[in-house]
Structure formats: structure tokens, C-alpha cells
Amino acid sequence: MSQEYSGFGQITDEVTLAAAVAGKSRAQQIIFERYKSSVLRTLIGLCHDRELARDLAQDVFLQAFTKLHQLRNQQAFGAWLKQLTVRTALSYFRARSPVAESIEEEFIDSTEWSAQADWLVQLRDIETLIAQLNDTERLTVWLYLGEGYTHEEIANLLDEQASTVRKRYQRALMKLNTFLTQEVPHDHKA
């Protein structure tokens with residue numbers, strides 16, 4: 001009995017990967033069809049722009065098929081493609097506008113911002129909410145909540161200290177909380 005996987009956790013057999021490395025368009029199409037939704041979902045979450053996400057997805061698959069021969073563990077293809085997807089988005093944002101931010105030294109109770117993360121994940125209109133964040137804040141929140149990266153992993157991707165990422169994440173959640181408390185009426189009478 002085989003186990004079904006979804007998203008980046010799907011299994012792609014060695015024959016298909018070898019054919020894709022050899023440039024066989026049918027194998028590349030199979031891989032594209034299998035992973036396109038995962039790549040697009042991740043990029044839309046990171047970019048908050050569907051057209052940009054589609055453009056970056058093309059870049060991701062072009063890079064994937066160009067670099068596929070470098071993959072040492074074929075069973076890790078999905079994880080490798082996810083990492084390539086995230087790095088492609090980060091490269092785009094780095095090239096677009098290098099922003100130096102100052103992170104104020106402020107303390108937030110970790111239980112408080114963990115609870116804030118819980119309500120954020122449950123929101124229905126997350127696109128409106130996430131639009132309140134700048135690119136770096138959105139990347140941090142999405143990678144942490146949407147993709148399951150740790151603060152340390154995000155720090156490595158962004159070439160920053162983990163404490164900077166944690167503070168940015170906390171500040172972004174406070175910004176979102178402020179927006180919600182200003183925008184959402186507390187009285188829910190029908």
C-alpha cells in the first residue's frame with residue numbers, strides 16, 4: 001500500500017527525473033504539472049501578486065530544469081524545489097529594493113505573539129490583511145506561518161540574525177493586530 005503525498009511532498013520517480021535531466025519535454029511537463037500548484041501557492045503567499053508569482057514560477061521551473069542534474073538525492077526533489085522557489089522570490093525582492101530596517105528593541109510576551117499567530121492563520125480575508133505589510137514583513141510572516149520555516153531558517157535565507165527576524169515577525173503581527181482592531185467592529189449584532 002503506497003502513501004499519497006501532496007504539495008512539495010509528492011514523490012517523483014527516478015525515471016521521470018532522469019528523463020527531465022536529459023531534457024525530455026514530456027518528463028519536464030509531468031514535473032511541472034505535479035508541482036505547479038505548490039510553487040504558485042508559495043510564490044503568491046510570498047509576493048502577494050498573482051502575475052508576479054506566475055513570472056517567478058516560470059523562473060523557478062527554468063532554473064529547476066537547468067540545475068536538476070545537480071540534485072544528489074532524488075527523493076528530496078520536492079524539498080529542493082521548495083527551497084528553489086523561496087530563494088527565487090527572495091532574490092527578486094533583494095534585487096528590487098534593498099531596504100535597511102531598524103528593529104527597535106521592544107519586548108513582546110512570546111505567548112502573546114504566539115496567540116496572535118493563531119488568529120492570523122484562521123482569518124478568512126488574509127489577502128487584505130497581509131497587504132498591510134511591507135515586502136520584508138510579508139516574506140517573514142509567510143515563511144514562518146505559511147511555509148513552516150523557523151526563525152533561524154528564515155534568518156539564514158535572508159542572511160540576517162534570528163533575533164532580527166523574530167523582532168520583525170513580532171512587529172508585523174502587532175501591525176496586523178492594530179489594523180484589525182481599527183478595521184473590524186467589535187460589536188457583531190445582526
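Helices (H or I, at least four residues) and strands (E, at least two) are DSSP runs, numbered from the N terminus. Keep in mind that this is a predicted model, where local features need pLDDT of at least 70, side-chain atom pairs count only at pLDDT 80 or more, and totals for chains, interfaces and linings use all residues. Residues are numbered from 1 along each chain as its sequence is written, and side-chain values use heavy atoms, leaving out hydrogens and water.

**Whole chain**

Colour the protein chain by secondary structure: you get nine helices and zero strands. Of its 190 residues, 39% count as buried (under 20% relative accessible area; exposed is over 50% and partly exposed lies in between, with a 1.4 Å probe and protein chains only). Now think about contacts, meaning heavy atoms within 4.5 Å. Among those between residues at least 6 apart in sequence, 68% join residues at least 24 apart.

**Stop one: α1 and α2**

Select residues 14-21 for α1 and 25-47 for α2; these helices pack at an angle of about 120°, with their axes 7 Å apart. (Axes are lines fitted to C-alpha atoms, for helices over the stretch in contact, and angles run from 0 to 180 degrees between N-to-C directions.) That angle makes α1 oblique to α2, oblique being whatever is left after under 35 degrees (roughly parallel), over 145 (roughly antiparallel) and 65 to 115 (roughly perpendicular). Show side chains for T16, L17, A19 and A20 of α1, then A27, Q28, I30 and I31 of α2, and you have the contact.

**Stop two: E137 in α7**

Next, pick E137, which sits in helix α7, residues 135-146. Is E137 buried or exposed? It's buried, at a relative accessible area of 2%. Other buried residues of α7 include D135, R138, L139 and V141.

Slide back to the start of α7, where a side-chain oxygen of N134 comes within 3.1 Å of the backbone nitrogen of T136. At the other end, click G148: just after α7, this glycine takes a positive phi of about 80°.

**Stop three: A162 in α9**

Finally, go to A162 in helix α9, residues 162-183. A162 counts as buried at 17% relative accessibility. Which residues is A162 in contact with, leaving aside neighbours within four places in sequence? Select H151, E152 and A155. For a distance check, A162 and H151 are eleven residues apart in sequence and 5.7 Å apart in space, C-alpha to C-alpha.

Definitions and conventions
A polar contact is a pair of N or O atoms within 3.5 Å; within protein, one must be able to donate a hydrogen and the other to accept it, and residues adjacent in sequence count only if both atoms are side-chain atoms.
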